[in-house]
Amino acid sequence: MKCPYCGDQDSKVVDSRHSEDGQSIRRRRECLSCQKRFTTYETVESLPMVVIKRDNSRQSFDRNKILNGMLRACEKRPVPMADLELAVDEIEQSIQNSLDREVSTAKIGELVMERLKPLDEVAYVRFASVYRQFKDINSFMRELNKILEEK
C-alpha cells in the first residue's frame, strides 16, 4: 500500500477492525519509511452487473429500482422497511452468487416475488399483477387460486 505522505510502498498493519456494517475491514497502517499512520479500507470487489430488459436493452443493475418496486407493492401495507431492505439484500446477493454478469428482468421479478410472498400476500399479488402483466381477470384469478391452494 502506497503511503499517502511520502509515497513509499512499504507499510505495516497496526490495527484491523470490521466496519459497523460488516461489509469492509478498516486497517490502520504505519509507513516503514516516514513512520506516519494512515487508514485503508478493504472491501469485497463486486463485479458490475447488467440487467437485460424485456426489449433486450441493457442497463446497469440498480438495487434501488428493486426496492422502489417493492415499496410500491407494499404501499399502505404493514411491511417493515427493514424487511424490504433485507429482501433486496438477499436478492442482490443471490444475483451476485450466480456469477452471471447479466441477469434478466424476468429473473429479478421472480426473485422479488419469492421474497414478497412470505412478507405480505397482498403486496405479492400487486407486484405479480404488474410483473406478469395479467391480460384479463381469468389470468389474475389463476394466480390468486395458486396462493389459496398453497395454504
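This is a predicted model: local features need pLDDT of at least 70, side-chain atom pairs count only at pLDDT 80 or more; totals for chains, interfaces and linings use all residues.
Q: Where does glutamine 35 lie, and what is its phi?

A: Helices (H or I, at least four residues) and strands (E, at least two) are DSSP runs, numbered from the N terminus. Glutamine 35 sits in the loop between strand S2 (24-31) and S3, and its phi is near 65°, a positive value in a residue other than glycine. Lysine 76 likewise is not a glycine and has a positive phi of about 60°; this lysine belongs to the loop between H1 and H2 and is exposed, with a relative accessible area of 78%.

Q: Which residues does lysine 36 touch?

A: Contact is read from heavy atoms within 4.5 Å. Leaving aside residues up to four places away in sequence, lysine 36 touches Tyr5, Arg29, Glu30 and Cys31. Lysine 36 and tyrosine 5 are 31 residues apart in sequence, yet their C-alpha atoms are 7.5 Å apart in space. Lysine 36 lies in the loop between S2 and S3 and counts as partly exposed at 44% relative accessibility.

Q: What are the contacts of arginine 37, and with which residue does its side chain form a salt bridge?

A: Arginine 37 is placed in strand S3 (residues 37-43) and, not counting residues up to four places away in sequence, touches Tyr5, Val14, Arg28, Arg29 and Glu30. A salt bridge requires a side-chain nitrogen of Lys or Arg within 4 Å of a carboxyl oxygen of Asp or Glu, and the side chains of arginine 37 and glutamate 30 meet in one, at 3.2 Å from N to O. Glutamate 30 is buried, with a relative accessible area of 14%, whereas arginine 37 is partly exposed at 42%. Separation in sequence should be read together with distance in space: arginine 37 and phenylalanine 61 are 24 residues apart in sequence and 37 Å apart from C-alpha to C-alpha.

Q: How many salt bridges does the structure hold, and which parts does the pair of arginine 58 and glutamate 102 tie together?

A: The structure holds nine salt bridges. In one of them, arginine 58 pairs with glutamate 102, with the closest N and O atoms 3.1 Å apart; because arginine 58 lies in strand S5 and glutamate 102 in strand S6, the pair ties together parts that are 44 residues apart in sequence. Arginine 63 also forms a salt bridge with aspartate 89, the closest N and O atoms being 2.8 Å apart. Arginine 63 lies in helix H1 and aspartate 89 in helix H2, so this pair links parts that are 26 residues apart in sequence. Salt bridges that share partners join Arg63, Asp89 and Glu92 into one network.

Q: What span does H3 have, and which of its residues are buried?

A: The expected span of a helix is 1.5 Å times one less than its number of residues. H3 has 15 residues and reaches 21 Å from its first C-alpha to its last, close to the 21 Å expected. Its buried residues are Ile108, Gly109, Leu111, Val112, Met113, Arg115 and Leu116, and they pack against strand S4 (50-52), H1, helix H2 (81-97), strand S6 (102-104) and H4.

Q: Which elements line the largest pocket?

A: Rolling a probe the size of a water molecule over the atoms shows where empty space is left. A pocket is an open set of points on a 1 Å grid over the protein atoms alone where a 1.4 Å probe fits, with protein on both sides within 12 Å along at least five of seven lines, and lining residues have an atom within 4 Å of a point. The largest pocket has a volume of about 670 Å³, a volume being the space filled by probe spheres set on the points. Of the 21 residues that line the largest pocket, Lys65, Gly69, Arg72, Thr105 and Phe127 are the closest to its centre. Strand S5 (58-60), helix H1 (63-73), helix H3 (105-119) and helix H4 (121-131) each supply at least two lining residues, and H1 gives the most, with six.

Technical notes:
Residues are numbered from 1 along each chain as its sequence is written. Side-chain values use heavy atoms; hydrogens and water are left out. Buried means under 20% relative accessible area, exposed over 50%, partly exposed in between (1.4 Å probe, protein chains only).
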